[in-house]
Amino acid sequence: MSIFSKIAAGEIPSEKVYSDEKVYAFKDINPQAPTHILVIPKAHIPSVDGITAENSAVVAHIFEVIPTIAAAENLTNGYRVVSNCGQDAGQTVHHLHFHILGG
């Protein structure tokens, strides 16, 4: 079980900003911008390379809730959404996640 799976399950504390049946979002403990939120599927998907026809609906759902999270964080002037895929791209936790960066 990845550290992000444990965070989503409530086994490791985090600063939650959003949660529903499919998605969990929390503040990054090492922020790279004034607002830095990680959005993860509760179901384990290792990376962008692990997205399939069977699990892609959760990714679509993530992109449906990202604007809600950004609005709640007052990112009215814009924000970036980033996902690292693989070691060479800097992915350190092998659980699909999207960074919302702004501010």
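Asparagine 74 lies in the loop between α2 and β4. The model is a predicted one. In it, asparagine 74 takes a positive phi of about 60°, although the residue is not a glycine. Most residues other than glycine have a negative phi. Asparagine 74 counts as exposed because its relative accessible area is 60%, over the 50% limit.

A nonpolar surface patch is formed by Phe63, Tyr79 and Val81. Together these residues present about 240 Å² of accessible area.

The interior was examined next. In soluble globular proteins, nonpolar side chains tend to be buried together. The largest nonpolar core here holds 16 residues. Within this core, Ile37, Val39, Ile62, Ile69 and Ile100 touch the most other members. At least two core residues come from each of β2 (23-27), β3, α2 (56-72) and β5 (98-102). Helix α2 gives the largest share, with 7 residues.

Histidine 36 was considered in turn. This residue sits in strand β3, which covers residues 35-41. Histidine 36 is buried because its relative accessible area is 6%, under the 20% limit. Two polar contacts of its side chain are described here. One joins the side chain of histidine 36 to that of histidine 99, at 2.7 Å. In the other, a polar atom of the histidine 36 side chain lies 2.9 Å from the backbone nitrogen of glutamine 32. With residues up to four places away in sequence not counted, histidine 36 touches Phe26, Lys27, Asp28, Asn30 and Pro31, among others. His99, Ile100 and Leu101 are also on its contact list. Glutamate 15 lies 21 residues from histidine 36 in sequence. The C-alpha to C-alpha distance of this pair is 11 Å.

Glutamate 15 also takes part in a charged pair. Side chains of opposite charge can pair when their charged atoms come close. A search of the whole structure finds 1 salt bridge. In a salt bridge, the side chains of lysine 27 and glutamate 15 meet at 3.5 Å, N to O. The pair links distant parts of the chain, 12 residues apart. Lysine 27 belongs to strand β2, while glutamate 15 lies in the loop between α1 and β1 (16-19). Lysine 27 has a relative accessible area of 31% and so is partly exposed. Glutamate 15 has 49% relative accessibility and so also counts as partly exposed.

The segment before α1 (3-8) contains serine 2. Serine 2 counts as buried because its relative accessibility is 15%. Its side chain reaches the backbone nitrogen of serine 5 at 3.0 Å. When residues up to four places away in sequence are not counted, serine 2 touches His44 and His95.

Serine 5 itself is found in helix α1. With a relative accessible area of 12%, serine 5 is buried. Beyond its neighbours within four places in sequence, serine 5 is in contact with His44 and His95. The side chains of serine 5 and histidine 95 are joined by a polar contact of 3.2 Å. Threonine 68 stands 63 residues from serine 5 in sequence. In space, the two lie 22 Å apart, C-alpha to C-alpha.

Terms used:
Residues numbered from 1 in each chain as written. Predicted model: local features only at pLDDT ≥ 70, side-chain atom pairs only at ≥ 80, totals over all residues. Heavy atoms only, no water. Helix = DSSP H or I, 4+ residues; strand = E, 2+ residues; numbered from the N terminus. Buried < 20%, exposed > 50% of the residue type's maximum accessible area, 1.4 Å probe, protein only. Polar contact = N/O pair within 3.5 Å; in protein donor to acceptor, adjacent residues only side chain to side chain. Contact = heavy atoms within 4.5 Å. Core = buried A, V, L, I, M, F, W, Y, C linked by side-chain atoms within 4.5 Å. Patch = residues over 30% accessible without salt bridge, like charges linked within 9 Å, V, L, I, M, F, W, Y side chains within 5 Å. Areas by Shrake-Rupley, 256 points an atom, 1.4 Å probe, with all protein chains shown as cover. Salt bridge = Lys/Arg side-chain N within 4 Å of Asp/Glu carboxyl O.
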